Amino acid sequence: MRIAVTGSIAKDHLMSFPHKFADQLLAERLDRISLSLLTDELEIRYGGVAANIAFGLGSLGLDPLLVGAAGADFADQEVWLKEHGVDTAGVRISDTLYTARFVCATDTAQNQIGFFYAGAMAEARDIDLPELLARTGGADLVVISPDDPEAMVRHVRQCVGLGVPFVADPSQQLARLDRAQARALLDSPRWLFTNEYEALLIQERTGWTEQQVLGRVGTWVTTQGAGGSRIARAGRTTTLVPAVEPREAVDPTGAGDAYRAGFLAALSWGLELEDAARLGSAVASVVLESWGTQTYVLDSSDLLDRLCGTYGAGPVKRLIPRLGALS
């Protein structure tokens, strides 16, 4: 299975705040916040949801096609992604705008405050997916992750027109989507990914109940942090898969993207849903132990140790041959 991943390409500015954000806020003054918080550390890393997912897929031995818009300052990031198995032929380079920026601070309770500057990402709406796929060898599955809202809707419509299965992964862009856009994203995706908060927000944005959403999607996967993940399908029993605990939680940024990479890699290998959720959780646990979203290294022995330690050798036996092929 060849996977095309559409969405944001960014550079992350990640900071560590040595206290709790909640302790700095005055409940009676939340309508007039003016704060300057002193952080201890700054890491500048490559990021963007689509780039993160593609990096994870490439690290698992796949050859994902990255589709998005970046600035002229993308050159160094492009080299990095290519070195990790990502095909960047689908990246549009802006003549005038910088690559998107994500600026985020994490407190001691793993709460985050972040800001995202779209920059060149706004030009993703000009990407013609049918032309691009025809030029780059096509795709068996398209992931539509957070991007310029017009681009996300356009990609959905083009996937439907082409008859190409797609994944709806609106994530943090749900806050930007209006009702029509949110509903357009749920035009029969093969997969829908959200976290717990986004699962509620997508219902609020669309005006549809959980059962109505399930009636429009193939499979709805909801990540629940330390609570693992939930796999729901209309008319079927919901599957709950425990999380793989990290040895030390350093930075939560990008863990959800890593989960999606592991999940989709297992699907591309023809494995079962529970196998996919287990591998997604294992890859996410590795990312949780790293600063940044594309700084980790996947090792087959380490992944198998994590999987067996959480689920036992029996439930992960189908993953062993695939992970054993990793360098």
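Start with the cysteines. This is a predicted model, and it holds zero disulfides. A disulfide is a covalent bond between the sulfur atoms of two cysteines. Select C104: it is buried, at 2% relative accessible area. Then select C159, which is also buried, at 1%.

Next, the backbone. Most residues other than glycine have a negative phi. Select Q110, where phi is positive, near 65°. Q110 sits in the loop between strand 6 (100–106) and strand 7 (112–117). Its relative accessibility is 31%, so Q110 counts as partly exposed.

Move to S171. Here phi is about 50°, again positive in a residue that is not a glycine. The loop that holds S171 runs between strand 9 (166–168) and helix 5 (179–185). Buried or exposed? S171 is buried, with 12% relative accessible area.

Now go inside. Select L57, L60, L66, F263, L264, L303 and L323. These have the most contacts inside the largest nonpolar core, a set of 58 residues. Elements that give two or more residues to this core include helix 1 (49–59), strand 4 (65–70), helix 8 (255–268) and helix 10 (300–311). Which element gives the largest share? Helix 9 does, with ten residues.

Zoom in on L303. Beyond its neighbours within four places in sequence, L303 is in contact with L60, A282, V283, V286, L298, L323 and L326.

Last stop: select V67, L177, I202 and L214. They belong to a second, separate core of 34 residues.

Terms used. Residues numbered from 1 in each chain as written. Predicted model: local features only at pLDDT ≥ 70, side-chain atom pairs only at ≥ 80, totals over all residues. Heavy atoms only, no water. Disulfide = S-S within 2.5 Å. Buried < 20%, exposed > 50% of the residue type's maximum accessible area, 1.4 Å probe, protein only. Helix = DSSP H or I, 4+ residues; strand = E, 2+ residues; numbered from the N terminus. Core = buried A, V, L, I, M, F, W, Y, C linked by side-chain atoms within 4.5 Å. Contact = heavy atoms within 4.5 Å.
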